[in-house]
Amino acid sequence: MALRKIFNADDFGMSRGVNQAIAKAYHEGILNSTSIMINLDFVEDALELKKDMPDLDVGLHLNLTNQYPLSNPSDIPLLVDDKGKFKHGFVNLFLLSFFKPGELRRQVEHEARAQLEKAQQLGLKLSHIDSHRHIHHIPLIFNVVKKLAAEYQIPRIRVVNENIFNTLKHNKDTSYLKDGGLVKYAILRALAFWNNYKTDTYFYSILYTCKLSKARFKNLQIPKKFKAVEVGIHPAMPEIDKQHLQDVFDDNILSPWRTTELETLLDKKTADEIR
């Protein structure tokens, strides 16, 4: 059976530039999947573009760290500040999972359910679920996601299961030693091991997160036991978002690497490198 290659763009709905990049990568390149941030301001724009992308799989990019929730802030006080805005990053959520597990579990499920319900209301049939900043790998949150994925019949949960030795064997680029990629990899792989969730989809890119050039796919070999590979990638068009800086809450979308990742998706030979 041929290996299924999933090129998934995260952050659909984050900005005009991200949405336009995803549309371009679908129409002109190899993008076939995306993850939508259903609570953000440019979701309507994303869904309008989606009308012309009938074969684009859409998953939920669960967001508990940026901007405003869909829930009433009074229902999730642990997650938001006094203005009703999400206030925690990955580390704080991880710590809360130990110090306030019961409340965190209840409030995470409340907001995650709200995001799933909105996706359904908007007519999206979700192909998968993952999360912004990989927060769903936190074991307490992962258990909530696993429960809701079964309830809402979502077939796939992203698992960071990249084998560093396999990557090293085929790719000699060690830039992750300097930019924090190795630390992120170690943390997420440890949590994935802790969660002990089996999947037949291999996830590639964590060592080079947000810095995926075409060269980093050269002769990429996927372990034989997997039926599919998901490439997590973050294309954007910074030139568009720089015209609307008042709408930008994450400067990462202005990075030149976002353009490089779009170019990577526009080169159809990128997919041929994966075997």
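In the lining of the second largest pocket, α8 makes the largest contribution, three residues. Helices (H or I, at least four residues) and strands (E, at least two) are DSSP runs numbered from the N terminus. The structure is a predicted model, in which local features need pLDDT of at least 70 and side-chain atom pairs count only at pLDDT 80 or more, while totals for chains, interfaces and linings use all residues. Residues are numbered from 1 along each chain as its sequence is written, and side-chain values use heavy atoms, with hydrogens and water left out.

The second largest pocket holds about 340 Å³ of space. Pockets and cavities are found on a 1 Å grid over the protein atoms alone: a pocket is an open set of points with protein on both sides within 12 Å along at least five of seven lines, a cavity is a set where a 1.4 Å probe fits but cannot get out, and lining residues have an atom within 4 Å of a point. Grid points are joined across faces, edges and corners, and a volume is the space filled by probe spheres set on the points. Of the 14 residues that line the second largest pocket, Asn161, Arg189, Lys198, Lys225 and Phe226 lie nearest its centre. Its lining comprises seven nonpolar, four polar and three charged residues. In this classification Ala, Val, Leu, Ile, Met, Phe, Trp, Tyr, Cys and Pro count as nonpolar, Asp, Glu, Lys and Arg as charged, and the others, Gly among them, as polar.

The largest pocket has a volume of about 620 Å³. Its lining numbers 31 residues, and those nearest the centre are Arg133, His134, Lys184, Thr209 and Cys210. Two or more lining residues come from each of β1 (4–12), α3, α8 (181–195) and α10 (256–266). For the largest pocket, α8 supplies the largest share, five residues. By class, the lining of the largest pocket has eleven nonpolar, twelve polar and eight charged residues.

The strands may be considered next. Six of them form an open sheet in the order β4-β3-β2-β1-β6-β5, with parallel pairing. Two strands pair if DSSP finds at least two bridges between them. At the edges are β4 (129–131) and β5 (201–204), each of which pairs on one side only. Neighbouring strands of this sheet are turned against each other by 30 degrees on average, direction ignored; the axes are lines fitted to C-alpha atoms, for helices over the stretch in contact, and angles run from 0 to 180 degrees between N-to-C directions.

Why is β6 largely enclosed by the rest of the structure? Six of the six residues of β6 are buried, so the strand is largely enclosed; buried means under 20% relative accessible area, exposed over 50% and partly exposed in between, with a 1.4 Å probe and protein chains only. In a regular strand the side chains alternate between the two faces of the sheet. From β6, Ala228, Glu230 and Gly232 point one way and Val229, Val231 and Ile233 the other, and all are buried. Strand β6 (residues 228–233) runs parallel to β5, to which four bridges join it. Thr201 stands opposite Ala228, and Tyr202 has Val229 as its bridge partner. Six bridges join β6 to β1, and these strands also run parallel; here Ile6 has Glu230 as its bridge partner.

Glu230 also lines the largest cavity, together with Arg156, Ile157, Arg158, Val159, Thr199, Thr201, Tyr202 and Phe203. The volume of this cavity is about 40 Å³, and a search of the whole structure finds one cavity of 30 Å³ or more. The largest share of its lining, three residues, comes from β5.

The aromatic rings complete the account. Rings of Phe, Tyr and Trp (its six-membered ring) pair if their centres lie within 6.5 Å; planes under 30 degrees apart count as stacked, over 60 as edge-to-face and the rest as tilted. By this rule there are six aromatic pairs. The rings of Phe94 and Phe98 have centres 5.1 Å apart and planes at 80 degrees, so this pair is edge-to-face. Phe94 and Phe98 lie four residues apart in helix α3 (residues 90–99), so about one helical turn separates them. Phe94 is partly exposed, with a relative accessible area of 23%, and Phe98 is partly exposed at 46%. Elsewhere, ring pairs link Phe7, Tyr204 and Phe217 into a cluster.
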